Amino acid sequence: MGANQSTQIASQVSHHLALSLLRELSHKDPANIFISPFSIANAVSMLYCGTASETACEISEVMGLKDISREDLTNAFDVFLTSLEKSSEAFSLECANALLIQEGFPAKEEYKYVLQKSFRAMFMQVDIAKDPNSAVGRVNGWVEDKTRGMIGTLVDRLDPLVVVILLNAVYFKGRWEHQFSKDSTRLQNFYNHGDKDQAKEVDMMHLKERFYYAEEEAFSALQLPYKGQGHRHVDSPAPFSSRLGRGDGTVDTQFLEDLTKKMRKACAEPSRKGADLSGMSDCADLNVSDVVHKAVIEVNEEGTVAAAATAVMIQNRCMVYEPEFTVDHPFLFMIIDTNSNVNLFTGKIVEM
């Protein structure tokens, strides 16, 4: 498989997860949302490598893999993680994976090899059964280190029955290619939930510059590029100012593909039944007990800093146009790697 095909797979998986999760979370709760599809894709893909039969089919459907083989998926992550550049003063994109295993748990060597080779996963043994609090500290310490302190706590407690924890952390820091002047930041109304009666004054950044832009009857969209090393930079093809008022603001992958062309021209509920994790271990009676995800973002005049972490817990079962673009109402936003089109972070803001 070529590098281009591999990056297409990573892009496809990240966007599918982004939009399906955004849609599901929007239906459950109308509040602000911020997630890292790339982080979730890393952790769930590592889980997928240890599944078989019906469990593998279920995860494949959740990830939108369709005709993508397991080998192609692992190759895609291998290629993308290899392509990540080292940090600079203006740009940093870092990804780390880890496999924590209960001491004495018989994880298959071939499974550990795939995670170490394709996902660069660090392997650690812990005694969760004997000292779950110490294991919690190990998990949170790893996450805090890999997110440079942006996420200090991912899990509060661990069930002593947990035998495997799959971890991912993503850290991103980017400076705007065209920075906003702090002197131009001023108070302006943001209409929470698209309702003028819920207007709230917030600090609004202002900038006059040329950007990729698209506008339709139902929405308008803008790309804000970040500085990068060489040809690599990350775009925020948002604020995706969808003019959707009280709507849930969801879009689909075809919408994103069409939007990108226009602009360039002008996790499923964890299974509570026994999962088939025979690719991970010959141990019977295993199930995915929980998937935990946390993401944070800071945006200012200079740029953006964002981080995310994901944990999958596995346990033994017990019984050229220059319009004015004003983001003063609910909007969607994404941070996307422009080389691979991988969706790093996605969010929806409905209130300030």
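User: Which residues touch the most other members of the largest nonpolar core?

Analyst: This is a predicted model, where local features need pLDDT of at least 70, side-chain atom pairs count only at pLDDT 80 or more, and totals for chains, interfaces and linings use all residues. Residues are numbered from 1 along each chain as its sequence is written, and side-chain values use heavy atoms, with hydrogens and water left out. A nonpolar core is a set of buried Ala, Val, Leu, Ile, Met, Phe, Trp, Tyr and Cys residues joined through side-chain atoms within 4.5 Å, and buried means under 20% relative accessible area (exposed is over 50%, partly exposed in between, with a 1.4 Å probe and protein chains only). Of the 74 residues in the largest such core, the ones that touch the most other members are Leu47, Leu73, Leu166, Ile314 and Phe345.

User: Which helix gives this core its largest share?

Analyst: Helices here are DSSP runs of H or I with at least four residues, strands are E runs of at least two, and both are numbered from the N terminus. The largest share of the core is 8 residues, and they come from helix 2 (residues 37-48).

User: How far apart are the end C-alpha atoms of helix 2?

Analyst: The expected span of a helix is 1.5 Å times one less than its number of residues. For the 12 residues of helix 2 that gives 16 Å. The model agrees, as the end C-alpha atoms are apart by 16 Å.

User: What lies over the face of Tyr48?

Analyst: A charge sits over a ring if NZ of Lys or CZ of Arg is within 6 Å of the ring centre and within 35 degrees of the ring normal. At 4.6 Å from the ring centre of Tyr48, the residue over its face is Arg70.

User: What kind of aromatic pair do Trp176 and Tyr226 form?

Analyst: Rings of Phe, Tyr and Trp (its six-membered ring) pair if their centres lie within 6.5 Å; planes under 30 degrees apart count as stacked, over 60 as edge-to-face and the rest as tilted. By this rule there are 9 aromatic pairs. Phe172 and Tyr226 have ring centres 5.2 Å apart and planes at 75 degrees, so that pair is edge-to-face. Trp176 and Tyr226, at 4.6 Å centre to centre and 10 degrees between the planes, are stacked.

User: Is Tyr226 buried or exposed?

Analyst: Tyr226 sits in the loop between strand 9 and strand 10, and its pair with Trp176 ties together parts that are 50 residues apart in sequence. Trp176 has 5% relative accessibility, so Trp176 counts as buried. At 1% relative accessibility, Tyr226 also counts as buried.

User: Which backbone nitrogen lies 2.8 Å from a polar atom of the side chain of Ser14?

Analyst: Ser14 is part of helix 1 (residues 3-28), and its 1% relative accessibility is why it counts as buried. Contact means heavy atoms within 4.5 Å, and Ser14 touches Pro37, Asn341, Val342 and Asn343, leaving out residues up to four places away in sequence. The backbone nitrogen at 2.8 Å from a polar atom of the Ser14 side chain belongs to Asn343.

Technical notes:
A polar contact is a pair of N or O atoms within 3.5 Å; within protein, one must be able to donate a hydrogen and the other to accept it, and residues adjacent in sequence count only if both atoms are side-chain atoms.
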